[in-house]
Amino acid sequence: MSIEKVRAYFAQYGIENRIREFSVSSATVELAAQALGVDGSRIAKTLSFLVGDRCVLIVAAGDARIDNGKYKKAFGTKAKMLPHDQVPEAVGHAVGGVCPFAVKDGVDVYLDESLRRFETVFPAAGSSSSAIGLTIPELEQYARSTGWVDVCKDWQA
């Protein structure tokens, strides 16, 4: 089970007990925000894209949307989301629980600038009913991010 992979991943850092599991779904930004009792913008959603023949994950704030022009400038290609049925095989997590932790080898993780306005954010933890609260420096560290990108819109005040 994907959440167990994430739990084992976080165990090496001694923070596996920070994973929160819910009796309700947290598979969407709205559901995760309700389960956690936070504003939806603080949900760190992980989006799966194809860049050529490789999978790229972009972690963005819950209120941000991909800006196609910015995406093309950053990655040199049009934004093409991974089909839902290919996500588990490519990433290692099912849709609704996709997160930037314990992903398959060869998957690059990028953090979007929309996250920088928060002290803490809440990405999923490998299942459609889990999350973990992390500071931005922790997210950078544990996601083993390739770097920061600015590929989203609609989040600026």
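Which element gives the largest share of the lining of the largest pocket? Strand E2 does, with six residues. The views below are taken from a predicted model.

**View 1. The largest pocket and its lining.** The pocket holds about 450 Å³ of space. Its lining is made of 25 residues, and Ala27, Lys45, Thr46, Leu47 and Gly96 lie nearest the centre. Two or more lining residues come from each of helix H2 (29–36), E2, strand E6 (120–123) and strand E7 (130–132). By class, the lining has 16 nonpolar residues, eight polar and one charged.

**View 2. Ser48 in strand E2.** Strand E2 spans residues 43–51 and includes Ser48. Ser48 counts as buried because its relative accessibility is 6%. Beyond its neighbours within four places in sequence, Ser48 is in contact with Val56, Leu57, Met81, Leu82, Val87, Val91 and Val98.

**View 3. Pairing of E3 with E2 and with E5.** E2 and E3 are antiparallel and pair over eight bridges. Thr46 has Val59 of E3 as its bridge partner. Two residues lie between the strands of this hairpin, where Gly52 has a positive phi near 65°. E3 also pairs with strand E5 (residues 108–112), in the parallel sense and over four bridges; here Val59 stands opposite Leu111. Of the eight residues of E3 (54–61), seven are buried.

**View 4. The second largest pocket.** About 170 Å³ of space lies in this pocket. Its lining has 13 residues, with Pro100, Ala102, Val103, Ala143 and Arg144 nearest the centre. Nine of the lining residues are nonpolar, one is polar and three are charged.

Note on methods: Residues numbered from 1 in each chain as written. Predicted model: local features only at pLDDT ≥ 70, side-chain atom pairs only at ≥ 80, totals over all residues. Heavy atoms only, no water. Buried < 20%, exposed > 50% of the residue type's maximum accessible area, 1.4 Å probe, protein only. Contact = heavy atoms within 4.5 Å. Pairing = 2+ DSSP bridges. 1 Å grid on protein atoms, 1.4 Å probe; cavity = no way out; pocket = protein on both sides within 12 Å on 5 of 7 lines; lining within 4 Å. Points joined across faces, edges and corners; volume = space filled by probe spheres on them. Nonpolar A, V, L, I, M, F, W, Y, C, P; charged D, E, K, R; others polar.
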